[in-house]
Amino acid sequence: MQKTLKRYFPIFVVPTLIAFSFAFIIPFVMGVYLSFCKFKTITNAQFIGFDNYIKIFADKDFLNSFLFTLKFSVVSIVTINVFAFMLALALTKKIKGTNLFRTVFFMPNLIGGIILGYIWQQMINAVLLRYETTLIANATYGFWGLVILMNWQMIGYMMIIYIAGLQNVPTDLIEAAQIDGATGWQILTRVKIPMVMPSITICLFLTVSNSFKLFDQNLALTAGAPSKKTAMMALDIYNTFYGRTGFEGVGQAKAVLFFIIAAAIALTQLAVTRRKEVEQ
Amino acid sequence: MKKKKLSNAILFCVLCVLVVIFLTPIFFVVLNSFKGKLFISNDPFAFPTKETFAGLSNYINGIEKTNFFASFGWSAFITVFSVLAILLFTSMTAYYLTRVKTKITSVLYYLFVFSMIVPFQMVMFTMSKLANMTHLNNPVGMVILYLGFGAGLSIFMFCGFIKSVPLDIEEAAMIDGCNPLQTFFKVVLPILKPTAITVAILNAMWIWNDYLLPYLVIGLSTPYKTIPVSVQYLVGSYGAKDMGAMMALLVLSIIPIIIFYLTCQKYIIEGVVAGAVKG
């Protein structure tokens, strides 16, 4: 069977492969090469070695965006997961209206980043108007605005995954703990949380990679204002490419670094998940 | 038992308050979309009054300024055809890569999986220039690019499922005289339905909401703007002038998503969970 199928390569694989080459393979290889070049359009590239990478480290915007991304990721990962887990606990208690609650909490996840960003920009500005200031007056407002926005968008998503995890905890385990006289808190920390560890791993990595690569929401909410202080890494790369002529090579080098960090996160996730699977 | 009832009642009230908080931003935009544009910044949280009520004028304004229905059409065109292309071509590719074991197929498989971890920023500049040079900067070209970008996750998910499909059925079909294409479409594809729904939903949500790819490839100066691009086009400059049109446009952009969500909620939630666990 394999032999007959093998001859069908042009039909089964080639169409996808052509699209994949235009969207990914060629741009990726060119991107790596161009990060070592000086260029304005991709046809007049000149090889200059590691110059672009050296320039990155003299670039305050990049360091600033890296620190902002780091700070934002830590705060939003913790808040999103804690709130989502609490909601999941509440929604697995068989109270009235669970389905309706679940529907509402999950809904923001479907709205696109650009639209979400503008909705919250208007909301936050309306609140700040009472104190006679705006979202872009102070980087702290932008930071917390982004945290609130991401919580609003991601809590429902993570909640759904936690609910699926909690529903898989066998009821006899919980009943056995109750008979042994365990308190509600003990059941939570000693039975439920250890049993949903796989869901916790999934949610942590989803929030890590989503916060780290955030772009649309950042662009719509503050666009980096004031003076690029609230620009995250993806936005900084975008600004380097399209906002500063002559810096295309530096932008591409930043993008390569960005890719390396993203790959490191993904590989850590893979390693952690693999190790867990062996244990089970 | 009484204590439990009480605590559940309190929990219910807390959740109701949270629902109100969650819906506030949406309520806020809807409210303001019916106010005259000059009144919005006076008191953004007030209900429209006789004086401030603007009827549908913001909506008419917003639709005219951005040509909203055309954007809706292009968004729908690109999303529907990209998802169809992804479903058809990546399921075929995944089937081939799983069933034919050679060095080439395993290299290709890892290449597709690898593309999943590469952030868009890594390829955005070169990809958009290449798309311009090869005349992919139109809605049909977008479908091809989305097929390429969506291939990684979709092939990964299809392969995971095909591995668990027993070979016997396919072999039986082959013995009965089916060629590989007939075997795939008549025997394998129907079995793939649950995964296909997940793949379709994940890709549809991503493509419908995607901003950067259509913005970079198609741009602002063409008639092919998708909804996110035209929202950015209208309000992109900070401190938008026509607040009313902006509010109306935001409401219009959410409506299709909410209708889609309420009609296919079950599949969306299942699909998202399956996608998270496998991806």
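In this predicted model, Tyr8(A) touches Tyr96(B), Asn179(B), Pro180(B) and Leu181(B), leaving aside residues up to four places away in sequence; contact here means heavy atoms within 4.5 Å. Tyr8(A) sits in the loop between helix H1 (2-6) and helix H2 (9-12) of chain A. Helices are DSSP runs (H or I, at least four residues), numbered from the N terminus. From Tyr8(A) to Thr183(A) the separation is 175 residues in sequence and 63 Å in space, C-alpha to C-alpha.

Residues are numbered from 1 along each chain as its sequence is written, and chains are lettered from A and ligands numbered from 1 in the order in which they are written. Local features need pLDDT of at least 70 and side-chain atom pairs count only at pLDDT 80 or more, while totals for chains, interfaces and linings use all residues; side-chain values use heavy atoms, with hydrogens and water left out.

The interface between the chains brings 95 residues of chain B into contact with 89 residues of chain A. The size of an interface is often given as the accessible area lost when the parts come together. Chain B and chain A bury about 8400 Å² between them, 82% of it on carbon and sulfur atoms; this buried area is the accessible area (1.4 Å probe) lost on being put together, summed over both parts. Helix H1 (residues 2-33) of chain B gives the most to the side of chain B that touches chain A, namely 14 residues. By class, that side of chain B has 70 nonpolar, 19 polar and 6 charged residues. Nonpolar covers Ala, Val, Leu, Ile, Met, Phe, Trp, Tyr, Cys and Pro, charged covers Asp, Glu, Lys and Arg, and the others, Gly among them, count as polar.

Across the interface of chain B and chain A, 0 salt bridges are found, a salt bridge being a side-chain nitrogen of Lys or Arg within 4 Å of a carboxyl oxygen of Asp or Glu. The whole structure has 5 salt bridges over all chains. Asp59(A) forms a salt bridge with Lys254(A), with the closest N and O atoms 2.9 Å apart. This pair links distant parts of the chain, 195 residues apart: Asp59(A) is in the loop between helix H4 (51-57) and H5 of chain A, and Lys254(A) is in helix H14 (residues 248-279) of chain A.

Methods:
Buried area = accessible area lost by both parts, 1.4 Å probe. Helix = DSSP H or I, 4+ residues; strand = E, 2+ residues; numbered from the N terminus.
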